[in-house]
Amino acid sequence: MDLLLEMFSPEFLLRHALYASLTIGLVAPLVGVYLVLRRLVFLGVALPQISAAGIAFAFFLHTLGVHLYPHQEEEQVMALTGSVLFVAVALIALATLERRGRGLVEGRVGAAYAAAAAASILFVAANPYGESTLLSLLRGEVLGISLSQFWATIAVYGGIALCMLVLQKEFTFVSFDREMAMTLGKNVAAWDLGLYLLIGLAIAFGVMTVGPLLIFGFLVIPPLAARQITRGMWPFSIVASAIGGTSALIGFYLSLRWDLPLGPTDVAVACVLLALIVAGQTALGWLKRA
Amino acid sequence: MNPNALIRFSEASIGYRGSPVLEAVNLEITRGSFVGVLGANGSGKSTLLKTVVGILPVLKGRLESPMGRPRFGYVPQRDTLDALYPLTAFEVALMGTHGRLAPLSFVRKEMRERTLEALAEVRAEGLADRLFAELSGGERQRILIARALAADSDCLVLDEPVAGIDHTTVEVIMDLTSSLHRRGLTTLMVNHHILSLRGRADEVVWISEHRLVCGPADLMLSKEKIEEMLMAGGG
């Protein structure tokens, strides 16, 4: 209990890391609900990996003497640029191929994941100077978050949360029944693009802050858990967000208490919450039938 | 030329991605009429409907709305809607009002009231709070019709609304559609249940071998005509 109180004291040394984790835990599921509902969970695995490849590529260019920002020595900015660019290009390419209806969606996403994973390792291997920094970025060492990155995380994720809440009815409508949406004059392609951009931004920024594993976990597991116990889009989104935030908080506490790596701990907590909810639902079903 | 034509196709080719499914389509849908569309699987019935409501563009020829573009209440095949969405029946019906909403605006009270009215019109008020995915086929169909009504549509466009539904429910849905038509709503319906259109449709469009055969329902649904069209592969 003392540790929990200490976590929320203004003097707590890791307070920025805690608040950043909490913010991502609360907001990523708001985006993730659409990955789950649109059956794009595979994309939730591939995009963080593609984002990681973008970070590794930016550092690789740096090693070759090609600087994305000649007067900018800040590694985070360089990494963010690589991450956003790679995710944007991948999303546009995957969305274009989907619209043309060629090939198998799962095949494309799987191939993109494999290529991005291989590229990340190769770019890291080709970077003799910044390997440790780079590996730390790819793992998402949120505990070492800088003040500027903390405020950037709050601003970006706050903006994403606002967009997801204000535009929820449009995103839900075009996702659920795009033909009816077209009939009523909605520009479905523009709404899809907007949703993909928000997903891309959440992933690109989140990977740098908390790493690919945790971003994928926060995008997918809380919505899967919330889907079991909610009816209606608002309750679904809000409960998914609450499960993400709770996982981030409990995960942070356990990580601090037993000196565990934060990302895997958060994901493990989210998985336990999902398992508890599924078990509770199953038990309730048995009781109703008995 | 029909002065009451709500929709008019003139020498139109319709299809997907530049490949025509139906060619030289000449068809008029009169305001206030009930038009049944029949044809074999894959003959182009749904393609015709999707072109009427503007989901697919006309590849060649013309599609006109002489009285101005109607407000369509589109009822898709219900199996195309994913059961994974945790939407309540009310939320699905409310989507019908979204055509009147500007981006960033919120659903207004009168939109909720119109949705409740539409649910009452299809006798589905009691389903409002239930999950759409958990409803029976007939119940889901009523919710989708309520959604089309909530759009304050001039023309109800239904794509196989009674496919996979038991006989009693087929009659309920057909009676409901008929009563909406009698209140002045132009109705265009793709239907595999040929006989359920008898006494309800005014006109029938039969699609066979990439062509449309149109005529009054009495003639098109006569025993002889049905046999002729089925022999020609139109059903």
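Two strands are said to pair here if DSSP finds at least two bridges between them. With that in mind, welcome to these close-up views of a predicted model.

**The three-stranded sheet of chain B.** Three strands of chain B make up an open sheet, arranged in the order E2-E1-E4 with antiparallel pairing. Strand E2 (19-30) and strand E4 (58-64) of chain B are the edge strands; each has a single partner strand, so one side of each has no neighbour in the sheet. From one strand to the next, the twist averages 5°. Strand E1 (residues 5-16) of chain B is joined to E4(B) over five bridges in the antiparallel sense. To find your way along this pair, look for Phe9(B), which stands opposite Leu63(B) of E4(B). Helix H1 (residues 45-52) of chain B packs on this sheet and touches E1, E2 and E4 of chain B. The direction of H1(B) makes about 125° with that of E1(B).

**The six-stranded sheet of chain B.** Here six strands of chain B form an open sheet with mixed pairing, and their order is E5-E6-E7-E3-E8-E9. At its edges are strand E5 (72-75) and strand E9 (211-216) of chain B, each of which pairs on one side only. Neighbouring strands are turned by 15° against each other on average, direction ignored. E5(B) pairs with strand E6 (residues 155-159) of chain B in the parallel sense, over four bridges. A handy landmark is Val75(B), whose bridge partner in E6(B) is Leu158(B). Helix H5 (residues 167-182) of chain B lies across strand E3 (34-39), E6 and strand E7 (186-190) of chain B. Relative to E7(B), helix H5(B) runs at about 150°.

**Helices H3 and H4 of chain B.** Helix H3 (residues 109-121) and helix H4 (residues 137-150) of chain B cross at roughly 135°, and their axes come within 8 Å. On the H3(B) side you will find Arg114(B), Thr115(B), Ala118(B), Leu119(B) and Glu121(B), which meet Ala146(B), Leu149(B) and Ala150(B) of H4(B). By class, this contact has five nonpolar residues, one polar and two charged.

**Helices H10 and H11 of chain A.** What angle do helix H10 (residues 188-210) and helix H11 (residues 212-229) of chain A make as they pack? The angle is about 125°, and the axes are 7 Å apart. That makes H10(A) oblique to H11(A). H10(A) passes H11(A) in a right-handed crossing. Ile203(A), Gly206(A), Val207(A) and Val210(A) of H10(A) make the contact with Pro212(A), Leu214(A) and Ile215(A) of H11(A). These residues divide into six nonpolar, one polar and no charged. Just after H10(A) comes Gly211(A), with a positive phi of about 95°.

**Helices H2 and H10 of chain A.** The 23 residues of H10(A) reach 32 Å from the first C-alpha to the last, close to the 33 Å expected at 1.5 Å a residue. Helix H2 (residues 15-37) of chain A crosses H10(A) at roughly 145°, with axes that come within 10 Å. This crossing is left-handed. H2(A) brings Ala20(A), Ser21(A), Ile24(A), Val27(A), Ala28(A), Val31(A), Tyr34(A) and Leu35(A) to the contact. Facing them, H10(A) supplies Leu195(A), Leu198(A), Ile199(A), Ala202(A), Gly206(A), Thr209(A) and Val210(A). The contact of H2(A) with H10(A) counts twelve nonpolar residues, three polar and no charged. Look for Gly206(A) and Val210(A), which also belong to the contact of H10(A) with H11(A).

**Helix H12 of chain A.** Helix H12 (residues 233-258) of chain A has 26 residues, which should span 38 Å at 1.5 Å a residue. The end C-alpha atoms of H12(A) are 37 Å apart, in agreement with that expectation.

**The contact of chain A with chain B.** How many residues does each chain give to this contact? Chain B gives 21 residues and chain A gives 19. On the side of chain B that touches chain A, 16 residues are nonpolar, four are polar and one is charged.

Definitions and conventions
Residues are numbered from 1 along each chain as its sequence is written. Chains are lettered from A and ligands numbered from 1 in the order in which they are written. This is a predicted model: local features need pLDDT of at least 70, side-chain atom pairs count only at pLDDT 80 or more; totals for chains, interfaces and linings use all residues. Two residues are in contact if their C-beta atoms, placed from the backbone, lie within 7 Å. Ala, Val, Leu, Ile, Met, Phe, Trp, Tyr, Cys and Pro count as nonpolar, Asp, Glu, Lys and Arg as charged, and the others, Gly among them, as polar. Axes are lines fitted to C-alpha atoms, for helices over the stretch in contact, and angles run from 0 to 180 degrees between N-to-C directions. Helices (H or I, at least four residues) and strands (E, at least two) are DSSP runs, numbered from the N terminus. Angles under 35 degrees count as roughly parallel, over 145 as roughly antiparallel, 65 to 115 as roughly perpendicular and the rest as oblique. A crossing is left-handed if the near helix is turned anticlockwise from the far one by less than a right angle, and right-handed if clockwise. The expected span of a helix is 1.5 Å times one less than its number of residues.
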